[in-house]
Structure formats: structure tokens, C-alpha cells
Amino acid sequence: MDKVSAWYGEKLAIQEIVLDFEEHAVTGIIGPSGCGKSTLIRCLNRMHETIPKARVEGQVLLDGQDIYGLPAVSVRRRIGMVFQKPNPFPTMSIYENVAAGLRLNGERDRKKLDQAVLDSLKQAALWEEVKDSLDKSGASLSGGQQQRLCIARALAVRPEVLLMDEPCSALDPIATAKIEDLIFDLKKDYTLVIVTHNMQQAARVAETTAFMYLGKVVEVNNTRELFERPRESLTESYITGRFG
Amino acid sequence: MKFPVDRDTRRRWFDVFMSGAALVCVGLALLPLGSILMEAFVRGAPALTPNFLTQPSLLGGIANAIQGTFILIGLTSLVALPVGILTGIYLSEFGKGRIGVVVRFFVDVMTQTPSVVVGIFAYSFVLTLALSGLVPRTLVFSVISGTIALSTIMIPIVARTSEDALRLVPTSAREAALALGIPRYRTILRVVLPSCASALVTGGLLGIARIGGETAPLLLTLGSSREFFSGLDQPIAAMPTQVYQFAIAPSLAENQAAWGASLILVLLMLGISIASRAVIRLRAVKR
Amino acid sequence: MHALRILRGGTRARLSATPGDLVFEGLSTLVALSVVGLLVVITVILYLVAQESIRVNGLRFLTDTIWDSVSQRFGAAPFIYGMLVTSGIALLLGVPVSLGIAIFLSELAPPWLRIPLTFIVELLAAVPSVVYGLWGIFVLGPAMRIYIEPGVQSVLGFLPLFQGRPIGSDVFTAGVILAIMIIPTISAVSREALLAVPDSQREAALSLGATRWETTRLAVLRYARAGIFGASILGLGRAVGETMAVTMTIGNRAAFFGSLFEPGQTIASQIAGRWLDASTPLELGALVELGLILMLVSLIINAFARLLVGRFLRVGEGAE
């Protein structure tokens, strides 16, 4: 992405961000709360502009095309997103939750749907736990299962990129470990961008990590480099826990 | 997986179409409102002559109906505001236990009773008293009968709005006053009530807006009168019943009078509605 | 610490009630209980006056189709039927429109337009019912007779429901008026239900590549369906109790009707129409008995609605 700035009303949230995301790899974005991580990731699939009075400038290139020149709907289908709090559709069954995206795209063939639901749930490492209760409500699952259901739902439409906005912040450590394992598996097929306020998590799952502060990217580097030999003193004081 | 472009285009068109449909729904609701206001102005305004506004209906005016409506609103407020607000105080300050739940349930049932049923009640109530010789028979169709009906409608509305208003006053305000050693009843009267005064006013206006346009209960209880107020135990005219009588009358002049009276009534009711809104807005600005 | 001290002081003051406190609490309790008493009195009085009719007519009252003051024979069936049909038409027409309004106001309209537009729709509720009736007689009725009813007939005329010569002052017109009158109730409560849908639900649908309408359908309407259903029931409660506008437009004929283009009568309109002409205590009692039925019906409907949407309700949005 190139020189992306975003505002909430008059308030500038992120400023002229330039970042590259590597294909089939995990990019982590860390930084103290309020630094613009979530805003940044929401600009990547045009979710930022769904908030009243919010606006975005700059370019976000996906395979060389500016996503702000494409219909938002198709952008969001190619770039999936998982949110901070699990948000399954409570009125739908587990099956319908996963199939929702495909149904939107007009897929009616029951066999194809079944297959896609199966694949996505397996990919999201949820299949074994829910295979006997596919018609139960999505809200009946535990928090960690709900989050994996949301991941399966995002995967079912076969996006190219998967954005994750602090996917584990509402979860307990065991559920978090499961999601992290999952992220590790998913990068074979997808390009992942994960926002987290948990530095250890970034260190564990991301190849590349970007550190943000006050709406700007302070430093981007190979994760190990960034944590072991930070170039900027700001980065260093953050990762050593002096603020944040 | 690639989806054919025309699918997406179709989805986008459907999106536009449904948004348009929703907008049409708004239009469908505004159409009658606009039509009612316009017709009331166009057909009603010519009827509004000085004679029409100052003479009783015996002499071709509606002044007695206007007077009647204001008398009824005044008397009803006199009964319903204190009773309603006291009930609201009970519900918010004292009625914590099971009795509170029961009272609240009954009050809710009363707000939902169809007004025509309330009219039947007021009439039957006075009739029962009259038949047992406690009150004169003439009281059945009278100002008092009408006031009983309207009060029965207004009391529960005022009770629930004042309960809600009182609940919005933070507990800390009460406790601060109680901590100063001020007795509870003075705390409620001097601290709690004044700090939600504007919400109480809104509730009162809401109640008045409801009863001011009520027709059915008055049709059943007021009797008919073509002259000015002549006593609480006598029949009286009111704007809504007057509109009804003019409307079903077989003469064009009276039909036009119906529109004239409607215009005044509608403006009055919209005015009260807007005023209660303004009070809410004022409160929001103050905070 | 300071806050804690105030709290303790408060508790102590509450324990030591002054005589003034007792009087005040006693007074407000008395008044509140008398309001409850009022409802009991209403029920008892209605029963007392209706007693004669209940005794003479018995259960046959509900099924008898004749209302004749000459032979003193009174049956409620045509009015119950009329009430059901007019309310049905009102819901059929009013619910989709109200839902469209609620969607527009909560999901689609630009923010600056939402508050004024919401207010204007609510003004529909401020117009007195007798004015709706007047408008129904002189504006809507003729429009129905000349344009709308022939139009409906040309499309659906093969159905028995839409046969006969349109007269404009009939069951269909009354249903349309009721639909208009329940729109503010249903749309306001539905809108509250839609606004209560968390944004995370909308985001979930949007991030799957849903269009705005698809988001509304998938995430918002499904989530709020209980609230929308409750709002409709609440509208039904208003429709069955509405009196003047129906009385003035339905044509007032105390009989069954096969076509919607025939005149009819509802419970409420029969009460309002016959009240001043009731010639005997028995007929008066029969009218009061109609009132009891109406009260019971609206009580059941509103209790049901309250169960579904109690938390979205504002005062005064019950049945009229």
C-alpha cells in the first residue's frame, strides 16, 4: 500500500502509510492502543469507509490494481476479514454461517456448498468439534470456537488475503494457541495480515512485523530482526515494555 | 473461483432497487400526512371566518367546541397530572417489591386499553351511580363523564413517563441530599423532581397530545351541546366530536366546517407534539 | 473513600424515616394502588352493565350474525369478523411499508436526514383519528372508488374478495386507513429493533462481500426478526382498537361481507355507531359486552407484543 491516510471526521487516524505485504506469509502489525493498527487494516478491505464520516486517501494495490478503483463488494470478497470479537450470525446454524458468503454469490448447488463448508471448517480446525452439530446455532459455541467459525466463514469465499484484527484479544490462552496454530497452517494458501497488541503473538506467528506509533509506521522488518535488533529507539522502548 | 460479472452487476442493481423501495415506503407514509395537511389547509382555511371562530355552533361557529376542548384538557390535567406523577413517584421510588411489579403491570394494561372501551367505562360508571341514586341522571352525558374518560386514558401515560423520568435521575443526587440529613420526601420533592422537570413536562405534553384528539370516548360521554359551557354536570361540545358531527352531516357547509375545525385541531396537536420534542431537545442541549 | 462515606450516610438517613416520609410514601402508595383499583373498577363496571346481555345471549353472542334492535336479538359475529379482516388488511399493507421505513431510517438514509425524517413519520401518530376519518370520507374514499379499487379489481378481480362495484366506503378503505395509522407504531418499534443490532453483525456481512441490501437482509433483519414481529403485533393491537377512522370509512353495515368492496363493521365501529341509539338496557349491555371482548382481545395482543418487544417500547405506543 502506498501513502494511505485515513480520517475519522476531522481526526487523522493514520498518515501516509507505505507498506508491502508478502504473499503467502504472515505480516504482523503491532503498536500501542490507539496507534491506528485497526484503522490501517480496515483500510485494506475498504471497511474503514463504512463508518459514517470516515474517509481514506491513497492507494491500496492488490495484484497491481488499486482496490479503491474496484467495487467495494468484490474487494471485500477477495480480501476477507476476521474481527476482534467473534461475530457469528446468531440466527443461523453453523452450516449456514459458513455458507453465508457463498450463498451471497449465488451458489445454490447443495453439493458444492456441502463441500465448501466441509473444507472451510477443516481449514479452520473446527470440523472435528462441530461435525455432529452443524445445524446448531452459531452462538451456541464457545468463544474460541466462534472465532474459528468466523475464520471458516471468511475462508469459505476463498479470499486471496485474510485480515485479522486482534483475533485473539477476546479469547483465553488455550483458544489463542489454537488460533495461532491455525494461522501457521493458513499461510500456505493465503496472505495474512494480523493486527495484535500482543508482541509475543507477533513474534510467534509473523514473518514480517510492522511497528506503528501515532498513526505512522515506525519500523518494518523481518520479525526476528525487529525484535532482536530494532533500528529505531522508539521500537526498542516499546518492545522492551517501557511504554504501551 | 471466478463469478461471472453479470451476477455482480445484478446484485448491485438489486441493491439499488431495494434502497429505492425503502425510499418509496417513506414516501408512501409521507403521502397521507402531506395530503391530510394540504386538504385541511385548502378546504379548511376558507371556513375560518371570525364568526366561525367566535360563535357557538348554534350560530354556525365552533367557539364552544374550542372552549370545551380546553376545559376538558384543563380538568383532565388537573386530575391526571398529580395522580399520574404520584403513581410515577411510587413506581420509581417506593415500588421495588412485588407490589411494584403488579402496579406497573396494571398501569401498562391501562395504557393499552382501547380508548373506546374507556369511554364505555366512564359512561357505565356514571350510569351505575345514577341508577343507584348517588348522582343525578343528567350526569351521564356531561363534562364530568368526559373528564373521567380522558383522565382514565391520561393517568397511566403520565405515570409511566414520570416513572421513566424519575429513574433517569442518578442515585448519587439522591444520596447526596440524604447524606445531608434531608428527609426522604423533601429529597424527592426538592431534589429529584426539579432535576427531571423537563422530562415531566414532556410526559405531560404527551398525555395532553393523546387526550386532545380523542374522539370515541367523548362521543360516548359528552352528550351534545350547541352552546358554550354551562356547568360541569351539563353536556358540552369538543373539537374532535364536533369534527365527527360536521363530517357525517349531509350538508356541504357543515362538511367544510369539519375541515376548518380539523385544521385547528391538527395544528394544535402537531404543535403539542413538536413542543414536547422541543423540550426533549432543550434537555439534550443542556447536558 | 468520599463516595463511600456519602453512601453510608444515605443508608442511615433511609433507615430513620421522618413522619413526613411516612405520610409521603403512604400517599403515593395509596394513589398508585387506587390506579390499580381503577382498572378493577373498570372491569367490574363493564361486567355489571353487560351482565344482562351476557345472561340473555350467553355464548350464542359470539356466533350470532344478527344485530336487530327491533327483535332485541344481538350477535357479535359480523363485528369480530370485520375486526379480523380490517386488521388483517392493515397488517398486510402496513407491515412491509413500515419495515421499509425502518430500514431506510436505520440503515440507508444519510445521517443528517435520519432524525428529521423519523420525526416526520412520527407526526403521522399525532394526527387525531377523527381527522383520519374525515380525510377518509372526503379524500381517500373517492380515490379508492375511482382509482385504486378498480385498479385492484382489474388485476385481482377474479378473486371473490375483490368483486362487486367499488363504493369507496367499504372494508378495504377502512383497512387502508388502519394501515396508514399503524405505520408510525410499527416503523418506530422496528427501527429501535434494527438499531439494537450490533455493528459487528453488519461488519461480518460486509466483510464477506455483501452489498448494503444483502447486509441488511443477512445480518440486520434476521437478527432483529423477533423485534420486527413484536412491532407488527403491537400494530395489530392498535388496529383492533381504532374506532373513529374505521367508523367513518367502513360503511357501517352490521352483516357479513364476502367482498372487501362491501360495507362492514368492526367491534369498535359498532360500539361508536350504535351507542347513542341504543334503545334498551339489553342493547346497551350488548354493546358493553362488545367492549369487554375488545378489551380482552387487545389485552392478549398487547401482552404478547410486550413479551417480544418490551425493551423497545416507549410509553404511549400501545393500542389506542
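User: Two strands pair if DSSP finds at least two bridges between them; in which order do the 6 strands of the open sheet of chain A stand?
Analyst: This is a predicted model, in which local features need pLDDT of at least 70, side-chain atom pairs count only at pLDDT 80 or more, and totals for chains, interfaces and linings use all residues. Side-chain values use heavy atoms, without hydrogens and water, residues are numbered from 1 along each chain as its sequence is written, and chains are lettered from A and ligands numbered from 1 in the order written. Helices (H or I, at least four residues) and strands (E, at least two) are DSSP runs numbered from the N terminus. The edge strands of chain A, each pairing on one side only, are β7 (79–82) and β11 (216–222), and with mixed pairing the order is β7-β8-β9-β3-β10-β11.

User: Which residue of β9(A) is the bridge partner of A:Val26?
Analyst: Strand β3 (residues 26–30) and strand β9 (residues 191–195), both of chain A, pair in the parallel sense over 4 bridges. Within β9(A), A:Val26 has as its bridge partner A:Leu192.

User: Which residue of β9(A) is the bridge partner of A:Asp165?
Analyst: β8(A) pairs with β7(A) in the parallel sense over 4 bridges, where A:Met81 stands opposite A:Leu163. With β9(A), β8(A) also pairs in the parallel sense, over 5 bridges, and there the bridge partner of A:Asp165 is A:Val195.

Notes. Pairing = 2+ DSSP bridges.
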